[in-house]
Amino acid sequence: MIQLYEGGAYLVKGRDIVEPEMAAAQGFPAPEKAAENTIAYGILKEHNTSENMDQLQIKFDKLTSHDITFVGIIQTARASGLEKFPVPYVLTNCHNSLCAVGGTINEDDHMFGLTCAKKYGGVYVPPHQAVIHQFAREMLAGGGKMILGSDSHTRYGALGTMAVGEGGPELVKQLLGKTYDISMPGVVGVYLKGSPIPGVGPQDVALAIIGAVFKNGYVKNKVMEFVGPGVENLSADFRIGIDVMTTETTCLSSIWRTDEKIREFYEIHGRQEEYKELNPGDVTYYDGMIVVDLDEIRPMIAMPFHPSNTYTIDELNANLMDILDDVEKKAQVSLDGKVPFTLKNKVRDGKFYVDQGIIAGCAGGGFENICAAADILKGASIGADAFTLSVYPASMPVYMELMKNGSLISLLDAGAVVKTAFCGPCFGAGDTPANNAFSIRHSTRNFPNREGSKIQNGQISSVALMDARSIAATAANKGRLTPATEFDGSYSNPKYFFDKTIYENRVFDSKGVADPSVEIQFGPNIKDWPEMPALAENLILKVVSEIHDPVTTTDELIPSGETSSYRSNPLGLAEFALSRKDPAYVGRAKEVQKAQKAIEQGQCPAEALPELKPVLQTIGAAYADVDKSNLGVGSTIFAVKPGDGSAREQAASCQKVLGGWANIANEYATKRYRSNLINWGMLPFLIPEGDLPFANGDYLFIPGIRKAIEEKADTIMAYVVKDGLVPFELRLGELTDDERTIILKGCLINYYRG
């Protein structure tokens with residue numbers, strides 16, 4: 001199904017792949033020159049404000065956020081001098097839209113967003129109208145444009161828009177007229193050929209790609225550029241469904257060649273002027289090449305607890321007990337052995353049965369996905385037993401068209417429940433199944449707790465990712481896992497008609513006009529950021545958590561679900577940090593923070609934290625000039641590869657407000673998490689794989705850390721404080737001048753305050 005080239009490759013006239021050793025004989029330009037012919041390079045060049053294409057300074061055309069992230073972003077920008085949104089900024093309300101927990105605080109966030117859209121000149125999309133990415137597809141995307149969103153699945157490449165999902169501080173920079181600074185990313189070609197067979201949907205193609213490239217980091221922090229003759233065999237909706245899942249490969253962004261089907265998409269949405277034909281040059285070089293034979297893709301399933309844990313459904317059904325045994329072994333790593341986990345009890349008479357199906361959000365809630373599911377379920381029944389099926393159209397215009405063409409009737413007749421646009425099932429805030437239940441979902445992620453269970457309370461259920469078509473086929477068989485290729489009926493493939501009347505009636509659009517007279521509406525849970533100190537000359541760090549999982553997700557650093565109610569309250573949310581991974585973390589971090597607070601009050605840190613006394617004595621024996629006037633004390637965590645998944649800045653900011661000064665890792669799973677650390681003034685240390693020189697509970701001393709940052713040192717000498725000082729080395733990796741200054745100042749807010 002998937003072939004990965006070991007090195008780079010040329011693409012000639014968008015059709016023929018030529019390996020570099022053959023290209024030289026044909027007189028092709030050098031790779032670095034031909035790489036300028038990628039679609040990605042052209043768009044990045046148009047948006048780069050520096051004169052150096054190796055070190056980009058990007059200004060985006062538009063910004064978008066949802067109600068878990070926009071309060072913190074705007075609060076940070078306000079603290080840094082925001083007067084007006086300088087580019088179109090859309091605030092959607094699709095994560096906390098149920099207002100189901102936390103009293104009034106979710107709706108307080110919404111009213112904060114509405115009044116800020118009025119005051120600063122933005123767009124406000126009320127709850128239940130659209131999920132963030134569907135609204136962006138319908139109303140924001142444009143050929144050759146760039147969009148920055150504070151959600152990791154900000155991907156509109158299929159529509160010719162390079163979109164990037166980042167942590168909130170990167171949007172703050174754009175709101176303050178600053179730039180997104182990155183090195184020129186590599187560009188990997190995704191060469192599509194053939195055409196999907198009936199029953200295969202976009203999630204199947206996406207999961208096949210994720211399974212092939214995630215573990216080996218093939219596209220990490222690179223741009224995936226979709227090319228080849230197979231593109232033209234996919235509808236716009238199908239392309240969108242693949243595109244949104246590229247986030248799970250850890251790529252930076254995505255872009256596709258565009259054609260008449262994308263032109264038609266813009267025409268349907270009344271925005272013909274936004275279409276732009278995009279193609280690679282006649283001779284284009286890619287840093288890698290992924291060849292996808294669409295003819296060979298079969299219905300896929302990503303078993304718990306990661307989108308890369310992929311099998312074909314046929315393979316799973318044919319090798320049930322062996323694969324389930326392997327899943328259980330992997331699960332114990334993800335779950336730290338805290339709860340017993342098995343799926344073997346789902347096997348009855350040699351068949352695998354699931355408990356719940358969900359078709360939802362930016363990945364599953366598209367028009368074509370739901371129409372196909374309705375075709376499969378027409379005249380069927382999901383049964384009157386435990387199995388349930390919920391469907392969430394991605395926007396109200398999609399919902400209304402499904403109502404008009406009768407698809408909703410087929411779904412409701414079969415026993416499905418159809419709900420309004422909501423992202424909750426994707427992050428554990430909706431349709432939480434029963435303990436030990438197994439849910440199949442056309443959504444974006446299946447990390448632990450993404451379905452809403454609470455491992456720390458002994459509750460465990462789990463999610464597998466599948467395409468809407470196979471979820472419907474499974475539902476038609478009352479929960480027996482079934483690939484949609486077994487459906488022998490026909491697909492109606494109805495035409496989509498977009499009606500934006502509901503948006504005209506309900507969406508507030510300032511048309512870019514700010515009204516400074518508007519008073520922002522706050523709620524009691526919307527809090528300002530606490531004061532954060534600048535980086536000291538020398539640093540003492542206590543290791544307060546040690547995580548050896550192969551990958552640590554942002555959900556494990558700050559849980560999703562009901563905790564989202566506190567996303568506007570930095571200190572309140574911080575109480576949940578690492579709560580499902582290391583429940584003792586918060587207490588340990590707050591204990592160490594007492595020492596830093598004592599320093600800020602001019603006191604000896606050991607008075608507030610007596611266990612520091614021997615640490616200071618050991619340090620003083622070798623560094624007599626270190627005292628409270630030039631010392632900072634804080635906490636750090638070690639994780640092998642932290643930061644996979646969500647763009648939520650709170651994965652870093654919660655550590656910072658608890659006194660965290662650094663992370664130490666073998667590598668960072670995504671650029672966006674590392675950026676979040678830096679923007680919150682935290683040191684993104686790297687340490688080689690192998691035996692750690694320290695353990696949880698140890699104190700580390702890093703002398704001259706401020707000077708090292710100022711002098712652009714990469715290698716940092718550090719010491720484990722034991723009977724003496726035991727040396728080891730840390731690295732910082734590449735940092736821009738602005739990033740170094742942000743770390744020195746203590747956080748992005750301090751940086752902008754001057």
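Which residues have the most contacts inside the largest nonpolar core? Select Tyr89 and Met303: they hold that spot in a core of 171 residues. Keep in mind as you click around that this is a predicted model.

Stay on Met303 and show its surroundings. Leaving aside neighbours within four places in sequence, Met303 is in contact with Asn309, Tyr311, Leu316, Leu324, Val327, Leu343, Phe438, Asn446, Val463 and Ala464. Then jump to a second, separate core, this one of 45 residues, including Ile558, Val586, Ala589 and Ala665.

Now for the rings. The whole structure has 22 aromatic pairs. One of them joins Phe85 and Tyr89 edge-to-face, 5.0 Å centre to centre with 75 degrees between the planes. Phe85 is buried at 1% relative accessible area, and Tyr89 is buried too, at 0%.

Next, select Phe367 and Tyr496, a tilted pair at 4.8 Å centre to centre and 45 degrees between the planes. Phe367 sits in helix H14 and Tyr496 in the loop between helices H18 and H19, so the pair ties together parts 129 residues apart in sequence. Both Phe367 and Tyr496 are buried. For a cluster, pick Tyr10, Phe28 and Tyr285.

Two charges over rings are worth a stop. Arg348 lies over the face of Tyr353, 3.9 Å from the ring centre. Over at Phe214, the charged end of Lys641 sits above the ring, 5.5 Å from its centre.

Finish on helix H24, residues 612-622, and colour its buried residues: Leu612, Val615, Thr618 and Ile619. Look down the axis of H24: these residues fall within an arc of 125 degrees, so they line one face of the helix. Turned away from that buried side are the exposed Lys613, Gln617 and Ala621.

Methods:
Residues are numbered from 1 along each chain as its sequence is written. This is a predicted model: local features need pLDDT of at least 70, side-chain atom pairs count only at pLDDT 80 or more; totals for chains, interfaces and linings use all residues. Side-chain values use heavy atoms; hydrogens and water are left out. A nonpolar core is a set of buried Ala, Val, Leu, Ile, Met, Phe, Trp, Tyr and Cys residues joined through side-chain atoms within 4.5 Å. Buried means under 20% relative accessible area, exposed over 50%, partly exposed in between (1.4 Å probe, protein chains only). Contact means heavy atoms within 4.5 Å. Helices (H or I, at least four residues) and strands (E, at least two) are DSSP runs, numbered from the N terminus. The arc is that of the directions from the helix axis to the C-beta atoms. Rings of Phe, Tyr and Trp (its six-membered ring) pair if their centres lie within 6.5 Å; planes under 30 degrees apart count as stacked, over 60 as edge-to-face and the rest as tilted. A charge sits over a ring if NZ of Lys or CZ of Arg is within 6 Å of the ring centre and within 35 degrees of the ring normal.
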